[in-house]
Amino acid sequence: MLHFIDQTSQDKHHMVFNASMISILMSMYPDSMLMAHGIASNHTAIFSLLTEAERARIIFSTIEYTQPAKPGLAYKALNYIKKEKTRMRQLDRIVQEAADDDLIFFSVSSFYCFYYFKKIKMKHAVPVIATLHGGIDYFYNPQNYMERINAWYHKRMFKLDAPNFKYLLLNKIAKSMLVKDGYLKANEVMEIEHPYPNLGEINTFISLTKTPLVIAHLGSMEAQRKNSHYLYELAAKSASDIKAGLLKFKIVGLKNASVKAWENEWVEEVVGKETSYLERSVYEQEVKSIHYSAFFFPTNEYICRASGAVVDTLVFEKPVFTLYHPYFEYLFKVAGNVGYMVNTLDEMRDIIAKIIRNPEQYEAEYRLQCDNLKKFKDQLTIESVTNDLKNQMNALNN
């Protein structure tokens, strides 16, 4: 039996990653059923991305949480404690009932329950693959008290010695740093490209001669961790071209309050209502309609975590405008020319202006960039990531 655990994702959150990893596990263990432990709304989203054959092999075990008894911070805090206890009871049951030849894939939970899971796993032989998400970034750049506590529990967890317990990173740049800095041993961590289902169905090339030139910020807007507000600044620098109908900047996904101070009239917003993401079908149609995506990550962010927006720009073959960042340096190194990586917003604006004025001159390069993304995304397929993960597991076990 395969066990897949995501105790916190609701609705479409992590749906692409969860569905992809379920497909990968089913491919690696074709004779095994899989039990998915998580929230019902996320199960529904995952189910929509699986094939009929995969759906026949999955069993859903839902976790239900209480709601605060009354409004107010104190009641929310008490309810959070109740939810943590519910999660811990579920983890106790999964580990105790799992056979030694089962496999547990730990996708997402709270940071304390992640630590708790490894602690109780120390007494059991069942193999575990545990995903490392954004909490590892807090080792290097915590922004507040809760992020420092998160990092402390991860560091404490890394020191626990549990049999058959391997970690999984979702990019190819973080492992060497974490090993070099002494947080992990090379033989306990694997690294894969972020997988994506149904890649063969996507073909979204749009000629540069189609006006306006459309550049979009994908996913959630965040000032501190993503410098998303730079999109407004870049748009303001290009206001004359926007007014002339030659250029359009868009937000596609979700806008939060952190960027409100920078809002201006030069950026079109295609976002979900309040704190909700766009419907996935709407989001994908919007991404298909752009020419380029734009990224402004600080150099000390998104090193140890995967960005869903970056995955989307790879999947939909949209070349990037980006400031220099370790992940994009890696991407340009292994995939070739996939857009423009620059030092400043002014450099970015100048390249955009040149493309607008001479689209035919840049069309051949643009096709090359799209083709390079198309080739690179072959590494994101279920088959490719399955083979990569299988080879790494075999190497660690030998």
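Tutor: Before we look at linings, sort the residues into classes: Ala, Val, Leu, Ile, Met, Phe, Trp, Tyr, Cys and Pro count as nonpolar, Asp, Glu, Lys and Arg as charged, and the others, Gly among them, as polar. What you see above is a predicted model, in which local features need pLDDT of at least 70 and side-chain atom pairs count only at pLDDT 80 or more, while totals for chains, interfaces and linings use all residues. Residues are numbered from 1 along each chain as its sequence is written, and side-chain values use heavy atoms, with hydrogens and water left out.

Student: How many cavities of 30 Å³ or more does the structure hold?

Tutor: A cavity is a set of points, on a 1 Å grid over the protein atoms alone, where a 1.4 Å probe fits but cannot get out, and its lining residues have an atom within 4 Å of a point. Grid points are joined across faces, edges and corners, and the volume is the space filled by probe spheres set on the points. The structure holds two cavities of 30 Å³ or more. The largest has about 150 Å³ of space, and of the 15 residues that line it, N171, A306, S307, V310 and Y327 are the closest to its centre.

Student: Which classes of residue make up the lining of the largest cavity, and which helix gives the largest share?

Tutor: Nine nonpolar, four polar and two charged residues form that lining. Helix α12 (residues 308–315) contributes the largest share, three residues; a helix here is a DSSP run of H or I with at least four residues, a strand is a run of E with at least two, and both are numbered from the N terminus.

Student: What lines the second largest cavity?

Tutor: That cavity holds about 40 Å³ of space, and its lining consists of H217, L218, K226, A294, F295, F296, F297 and A309. The elements that give two or more residues to this lining are β8 and β11, and by class there are six nonpolar, one polar and one charged residues.

Student: In what order do the strands β8 and β11 and their neighbours lie in the sheet?

Tutor: Two strands pair if DSSP finds at least two bridges between them. With parallel pairing, six strands form an open sheet in the order β10-β9-β8-β11-β12-β13. Its edge strands, β10 (267–271) and β13 (339–342), each pair on one side only. The twist from one strand to the next averages 25°, where axes are lines fitted to C-alpha atoms, for helices over the stretch in contact, and angles run from 0 to 180 degrees between N-to-C directions. Strand β8 (residues 213–221) runs parallel to β11 (residues 292–295) and is joined to it by two bridges, with I215 opposite Y292.

Student: Which strands of this sheet does helix α11 touch?

Tutor: Contact means heavy atoms within 4.5 Å. Helix α11 (residues 280–288) packs on the sheet and touches β8, β9 (247–255) and β10, its direction making about 160° with that of β9.

Key
On a 1 Å grid over the protein atoms alone, a cavity is a set of points where a 1.4 Å probe fits but cannot get out, and a pocket is an open set with protein on both sides within 12 Å along at least five of seven lines; lining residues have an atom within 4 Å of a point.
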